[in-house]
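Here is a short tour of a model, taken one region at a time. Keep the viewer open as you read.

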Amino acid sequence: MQRRNFVRTLTALLTAPRLLFSQQAKQQFPAAAPLPWYTGLNSRTPLPRTEPAAEVATPELHFFSPLQVQTLSRLADVLMPPLGGKPGAVEAHVPEFLDFLLSTSAQARQNLYTTGLDWLESESQRKFKSPFSKLTDEQAGVLIQPWLRTWMNDHPPAEPHASFLNIAHDEIRTATINSRAWNATPFTGIQQHGAEGLYWSPIEPELAYEPPHVAANPRLPNSMPTYKR
Amino acid sequence: MLIVNPELFDVLIIGSGHAGGMAAKILTESGAKCLMLNAGPVADITRDAQRKRSWDLPYRGFRPPQQVPHVFQADEFNSNVWVDEHEVPYTIPPDAPYNWVRVRLFGGRSLFWSRQSFRLSDYEFKAHSRDGFGEDWPISHADLAPYYSRVEEIFQVSGEPNNLPQMPDGNFIPDPEEWSTSLLRLKAAGQPRNIFVCRQRRANGRDGLASSVNLLLPDAEKTGNLTSIANAVARKITVDKNTGLPNGCEFVDRLTGREMSVQARIVVLAAGTLESTRLLLNSGLANSSGILGHYLCDQIYGAGVSCSVPEARGGKSKGIMGGGAIIPRFRNITDKAPGFLRGYAFNVYSSPGQVGPRNFAAYGAELEKKMQEYYGSGIGFGIMGEVLARYENHVTIDPTVTDAWGIPVLHIEAKYTDNEYNMGKDAVEQASTLAHDAGFEVLSTNPVPNPPGYSIHELGTARMGDNPKTSVLNKWNQSHDHKNLFVVDGASFTSAGWQNPTMTILSLSMRASEHLAEEIKRQNI
């Protein structure tokens with residue numbers, strides 16, 4: 001959207017060069033170059049290269065409690081460990097991603113994860129007198145394996161613990177495979193590739209009408225400033 | 001209010017998908033001056049879409065949680081093409097979810113449909129006469145067959161004649177695809193039980209697209225008789241105070257909120273089943289029968305079986321795997337199925353690719369080993385089952401909620417009953433038996449249908465019939481109450497059938513529009 005606003009602003013500038021240059025002249029800028037500066041902004045001009053913030057910065061965790069994050073991290077590591085030269089869920093920052101995804105998810109989905117993680121932690125304490133995050137792979141398997149099910153389409157198992165574990169497994173796996181870390185390492189054999197596809201941008205979003213009860217002042221059709229005359 | 005010289009059109013068409021596109025093509029070619037309103041913008045793929053990778057997107061390809069919570073088909077790539085549920089909400093009872101899946105781009109859902117192309121048979125048109133439930137349609141397959149044939153030509157439907165009364169043959173182009181041996185094995189397994197495994201019937205369109213925007217609207221525009229307005233959100237059909245007949249509509253400009261109106265001699269609704277009915281309900285029209293909004297139906301999806309072909313495992317899928325098939329309805333044709341009326345079909349997919357991880361109760365290294373072993377051996381059955389058209393499944397206007405333009409929204413009440421749930425269970429049993437007989441291993445099953453609406457085949461609510469007391473439209477998709485009002489989309493369906501309804505919607509719209517064009521010429525309307 002920022003890029004589109006930029007293009008729009010540029011278009012507006014193209015339609016009002018006289019005003020711009022008259023302002024520049026009054027402010028005694030250096031003499032104008034042989035061509036207006038904006039002619040250099042064309043399809044041959046390289047665009048600055050940027051990275052997604054989440055790949056560089058440390059995200060703030062908002063949704064899970066610290067203990068739930070520890071439990072989720074261990075669960076993610078057990079269900080999707082590094083294998084075949086590919087990073088695992090932890091290396092792909094899946095726990096941090098799920099904290100972000102769940103923070104805006106529906107209440108039912110949030111409850112599924114929080115109650116599921118709390119249950120896993122309490123089962124770990126009950127059976128092994130240890131937090132889940134400290135369990136060995138074998139011990140974690142004792143808690144996980146009985147609840148794994150096969151399932152299809154949009155119908156995960158309905159039993160509470162099975163529902164949580166199978167959905168979490170599915171989402172941890174997908175989030176790992178769709179991560180930059182996974183797709184940046186070489187593929188061998190039939191290893192799954194991250195999803196790619198035709199991405200649709202919001203269509204005419206910045207022009208979207210806002211109803212009067214939301215917008216105190218009607219949105220202007222463009223962002224050109226106005227000046228007192 | 002002063003409106004200087006408002007243009008009076010012959011026909012106002014609301015909606016630009018398959019139904020509206022066909023009406024525009026037929027009516028403009030007959031010489032009628034038509035105005036088309038569409039609630040959303042024109043999607044320009046060169047401007048609005050580009051290939052992206054999930055790891056470059058903030059949600060890693062997952063469906064953004066808030067935008068379209070009821071659209072199971074949505075993911076991060078396509079979430080902006082569906083109607084935003086906050087912008088145009090609808091209400092449902094807490095215990096009855098309904099997935100209303102909508103597209104308001106110019107061309108509507110015709111841009112994205114699955115392209116499966118079937119005719120309804122007299123097992124659907126005359127279903128009441130066979131099993132006593134519901135109502136017969138006021139037309140038969142013979143009435144619609146000539147129109148189906150022309151639609152199949154326009155949409156370049158490929159297929160193979162099967163000579164089955166429950167799946168009438170059509171005007172097909174050849175399907176050159178060689179069948180893999182997994183499908184041939186399935187075909188052999190079905191024969192002793194009168195279960196027919198047939199080639200898919202699919203609209204190929206032009207350049208791979210089978211949409212209103214490339215197959216119908218260009219013909220209409222070529223006539224010079226079509227005027228179209230995008231981003232026109234219809235609020236209400238207006239009525240002539242003297243005659244009581246519809247004479248246009250009020251709409252809101254989506255982008256500015258500006259209120260506008262247009263005038264026409266005839267109004268054709270093609271906004272999609274529930275939007276057309278919503279507009280009629282908000283306008284207080286076409287409801288002398290009191291059944292407008294009732295008999296909402298669709299098809300159950302979601303139930304099915306996932307299998308593996310053992311011989312294809314370990315990289316040996318070539319020749320064994322690949323392709324798709326349709327198993328048309330086989331229940332309640334020559335037998336009497338226990339626990340349900342009507343029937344269902346199966347879509348069959350044979351895949352030489354990955355078998356999904358959900359098919360294995362395993363994780364970590366064990367799961368990877370399983371997926372490697374089973375790679376290239378997956379074959380699946382997905383149900384398409386008829387949902388009975390019941391009075392109780394209905395829509396009304398919710399007086400307490402409006403959309404972003406202040407237009408009252410729909411309240412949808414629809415539930416599946418034992419008929420649909422028993423159908424789902426039977427489908428899993430039948431598919432599992434068929435798979436076993438073909439030598440496939442069943443990996444996972446699901447007998448439970450997805451919520452109503454999921455199939456994106458919502459139908460009924462302004463059904464056609466001969467009796468004005470029990471139907472909204474006559475057999476020409478014309479309102480019993482207002483002779484210059486037509487509804488040419490899925491709202492007109494009397495029953496759902498198991499079939500993808502697109503070919504029927506197109507054929508009904510073509511038939512109704514040609515009738516309308518004749519009536520205009522005869523000055524009957």
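Which residues touch the most other members of the largest nonpolar core?

## The nonpolar cores

The answer is B:L12, B:I13 and B:V268, in a core of 74 residues. A nonpolar core here is a set of buried Ala, Val, Leu, Ile, Met, Phe, Trp, Tyr and Cys residues joined through C-beta atoms within 7 Å. A residue is buried if 20 or more other C-beta atoms lie within 10 Å of its own, exposed if 12 or fewer, and partly exposed in between, with C-beta atoms placed from the backbone. Helix α12 of chain B (residues 502-521) gives the most to this core, with 8 residues. Helices (H or I, at least four residues) and strands (E, at least two) are DSSP runs, numbered from the N terminus.

Setting aside residues up to four places away in sequence, B:L12 touches B:L35, B:G248, B:C249, B:V262, B:A264, B:V267 and B:V268. Contact means that two C-beta atoms, placed from the backbone, lie within 7 Å. There is also a second, separate core of 70 residues, and B:I195, B:Y344, B:I383 and B:M423 are included in it.

## Source and confidence

This is a predicted model: local features need pLDDT of at least 70, side-chain atom pairs count only at pLDDT 80 or more, and totals for chains, interfaces and linings use all residues. Residues are numbered from 1 along each chain as its sequence is written, while chains are lettered from A and ligands numbered from 1 in the order in which they are written.

For chain A the mean pLDDT (the predictor's confidence in each residue, from 0 to 100) is 82, and 75% of its residues reach 70 or more. Two stretches of chain A deserve a careful eye. Over residues 9-25 pLDDT stays under 50, and the model has 10 contacts beyond four places in sequence for them. Over residues 209-229 of chain A pLDDT also stays under 50, with 15 such contacts.

## Helix α8 of chain A

Among the buried residues of α8(A) are A:F164, A:L165, A:H169 and A:I177. The buried residues of this helix pack against α4 (66-79), α5 (94-103), α6 (107-128), α7 (137-144) and α9 (180-184) of chain A.

## Where the chains meet

The contact between the chains takes 45 residues from chain A and 53 residues from chain B. On the chain A side, the elements that give two or more residues are α4, α5, α8, α9 and β1 (196-200). The largest share of that side, 5 residues, comes from β1(A).

Strand β1(A) runs antiparallel to β3 of chain B (residues 49-53), joined by 5 bridges; strands pair if DSSP finds at least two bridges between them. In this pairing, A:L198 has B:R51 as its bridge partner.

Strand β14(B) (residues 344-351) is largely enclosed by the rest of the structure, because 6 of its 8 residues are buried. It pairs antiparallel with β13(B) (residues 324-327) over 4 bridges, and 8 bridges join β14(B) to the antiparallel β15(B) (residues 378-386).

B:R102 lies in the loop between β3 and α3 (122-125) of chain B. With 25 C-beta neighbours inside 10 Å, B:R102 counts as buried.
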